[in-house]
Amino acid sequence: MPDQRRPPVLITDIISQASSQLREAGIDTPEHDAKLLLAEATGAELRDVDRAMMMGECVGTSEQLADFRAMLDRRAKREPLQYIVGHAPFRYLDLKVGPGVFIPRPETETVVQAGMDWLTANGLDHPRVVDLCAGSGAIGLSVATELPGSRVWAVELSRDTAQWTRRNLMEASRSHPSIASNYQLEIADATALTTLAHLDGAIDIVISNPPYVPLTQVPQQPEVRDHDPELALYGGSADGTLIPERIITRARRLLRPGGVLIMEHDVSQGDRLVSFAAHAGFTGAYTGKDWTGRDRYLFAVASADARGAV
């Protein structure tokens, strides 16, 4: 019900005004962001806002309108939408996010899907899975919840980021109790040979979204450049392949012969990483594409020849 202490404000009007504010701030999707923020402020779903606009309804209360305007101001300053609302969708999960954690992207869903497809095609109902550079937990928790028989080991270097991983583990455990024992988080360097060394040669699949942005290509979007943790962004070299190559080396030791590495990378890095994987003890390496047709991930099979695992 509209608040009787103030004149009613039509949702169509407030979305129009908010969209103009966000458009002037350089936001690419101003109307969508305005609707989503209003939904968050009023405890509604995005579809409810669309319906209310069609029906000519008004904003509920003064408090809700004040909350909305506060969130709108934050967005106009180019704070990430996901940080403002406190969560981000990823496949079948709704992950908690905020300062200190990399916001999961839709293209990473492609990487997880490639892994799930391989596991299904090979009849692996109880795979042993490693998620290197876990971040929010998006990759490992997706596998653990979508394939309940899996065992997942996740590795994250940043203790601040790992707090978000744990939050998402706790949240996912509410609907999938088994993952509390099937998902293990390790605070460590994902590229170090000592990390998860007891699992060397026993893992079916490594899925990773490591930092890979070239140091020479600082992102232009303020939401990325100023808010995503640098530790999760930059690949450690001018072309961004230093850390991905170390992930390839570590993954080769972890994987059993015939096991698979699927690793996200920059659109510019496909050929180099395929070549590096071939020299690191992998076979059949190729570059997979994301939903938009861009080169997005390395797919490589661990060779039975152990030369690359030394």
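**Close-up views of a predicted model**

**View 1. Two annotated positions.** In an unreviewed entry, UniProt lists Glu156 and Asn209 under "binding site". Although they span 54 residues in sequence, no two of their C-alpha atoms are more than 11.2 Å apart, so they gather at one spot. UniProt positions follow the numbering used here, feature names are shortened, and annotations may be inferred rather than shown by experiment. A word on the model itself: it is predicted, so local features need pLDDT of at least 70 and side-chain atom pairs count only at pLDDT 80 or more, while totals for chains, interfaces and linings use all residues. Residues are numbered from 1 along each chain as its sequence is written, and side-chain values use heavy atoms, with hydrogens and water left out.

View 2. Glu156 lies in strand 4, residues 151-156. (Helices, H or I of at least four residues, and strands, E of at least two, are DSSP runs numbered from the N terminus.) With 8% relative accessibility, Glu156 counts as buried; buried means under 20% relative accessible area, exposed over 50%, and partly exposed in between, using a 1.4 Å probe and protein chains only. Leaving aside neighbours within four places in sequence, the contacts of Glu156 include Cys133, Thr161, Leu185 and Ile187. Here, contact means heavy atoms within 4.5 Å.

**View 3. The surroundings of Asn209.** Look for Asn209 in the loop between strand 6 (203-208) and helix 10 (222-225). Asn209 counts as buried, at 15% relative accessibility. Once its neighbours within four places in sequence are set aside, Asn209 is in contact with Phe102, Thr108, Leu132, Cys133, Ile139 and Glu264.

**View 4. Two loop residues with positive phi.** Arg91 sits in the loop between strand 1 (87-90) and strand 2 (93-96). Its phi is positive, about 50°, although Arg91 is not a glycine. Leu196, in the loop between strand 5 (183-187) and strand 6, is another residue other than glycine with a positive phi, near 55°. Leu196 is buried, with a relative accessible area of 2%.

View 5. Val49, Ala52 and Met53 are buried in helix 3, residues 46-55. These three cover an arc of only 100° around the axis, which puts them on the same side of helix 3; the arc is that of the directions from the helix axis to the C-beta atoms. The buried residues of helix 3 pack against helix 1 (11-24) and helix 2 (30-42). Turn to the other side of helix 3 and you find Arg47, Met54 and Met55 exposed. Just after helix 3 comes Gly56, with a positive phi of about 70°.
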